[in-house]
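Q: I have a structure here and would like to go through it with you. Could we begin with the strands?

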Amino acid sequence: YRGCPNTSVLPEVTGRPTTTNGHVTCRNPNISYVDQTIFTSNCSLRILRKWLAVDPDNAALRDSCTQVIDLSDRVSPVFANCPVDVTVDPGPNCIATPTWVEPTASDNCLGTVNISSNFRPGANFGLGNTLVVYTASDACGNTSTCWFTITVNDNCCNLPPRITCPTVYRGCPNTSVLPEV
């Protein structure tokens with residue numbers, strides 16, 4: 001049996017053995033089990049369950065089998081709705097402040113999933129491409145990532161105006177110095 005940590009190890013969950021009587025005239029055997037914990041940690045539990053079937057009329061008539069019960073979380077969280085690449089124009093200060101819907105993540109073992117990111121919606125981005133990375137991690141240290149690129153177009157007015165002065169003006173005294181001349 002395989003399941004997540006903290007799952008019940010009761011036979012109703014992990015399964016029971018099937019038995020057949022030694023002969024059609026025999027009564028159903030008595031079934032019992034003994035568990036031996038092989039390994040345990042916060043994210044893993046391995047049990048060897050030894051099942052025993054004994055004829056109720058003759059204890060010497062018996063059979064056994066061993067069941068392995070493995071409760072562990074080795075599966076990374078799964079992202080949903082990872083944003084697609086975003087292209088935006090900058091504002092007058094050559095900075096863009098794009099927004100997006102943040103992705104969500106779920107875990108196969110229904111524990112808490114922590115999501116972190118190097119940027120959040122509404123952050124300031126300069127000109128060019130920036131990779132936005134989200135990382136999801138579960139209680140057992142399994143991680144997955146989701147990423148997309150924010151592109152801020154290089155079309156902002158970020159240079160001062162240029163002015164070129166006219167050539168030196170030479171004229172006669174009492175001549176107009178207005179630029180139209």
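Q: In which sense do strand β8 and strand β9 pair, and over how many bridges?
A: Strand β8 (residues 114-117) and strand β9 (residues 128-137) pair in the antiparallel sense, over four bridges. Strands here are DSSP runs of E with at least two residues, numbered from the N terminus, and two strands pair if DSSP finds at least two bridges between them. This is a predicted model, in which local features need pLDDT of at least 70, side-chain atom pairs count only at pLDDT 80 or more, and totals for chains, interfaces and linings use all residues. Residues are numbered from 1 along each chain as its sequence is written, and side-chain values use heavy atoms, with hydrogens and water left out.

Q: Which residue of β9 stands opposite I115?
A: A136 in β9 stands opposite I115.

Q: And what joins β9 to β10?
A: Ten bridges join β9 to strand β10 (residues 143-152), and the two run antiparallel. Together β9 and β10 form a hairpin with five residues between them, and G141 in the turn has a positive phi of about 85 degrees.

Q: Turning to the open sheet, what is the order of its four strands?
A: The order is β1-β4-β3-β2, with mixed pairing. β1 (2-3) and β2 (30-41) stand at the edges with a single partner strand each, so one side of each has no neighbour in the sheet.

Q: How many bridges join β2 to β3?
A: Eleven bridges join β2 to strand β3 (residues 44-55), and these strands run antiparallel. I31 stands opposite A53 in β3.

Q: Is D70 buried or exposed?
A: D70 counts as buried because its relative accessibility is 3%; buried means under 20% relative accessible area, exposed over 50%, and partly exposed in between, with a 1.4 Å probe and protein chains only. D70 is found in strand β4 (residues 58-72).

Q: What does D70 contact, leaving aside neighbours within four places in sequence?
A: D70 is in contact (heavy atoms within 4.5 Å) with Y1, R2, G3, S44, L45 and R46. The side chains of D70 and R46 are also joined by a polar contact of 3.4 Å. A polar contact is a pair of N or O atoms within 3.5 Å; within protein, one must be able to donate a hydrogen and the other to accept it, and residues adjacent in sequence count only if both atoms are side-chain atoms.
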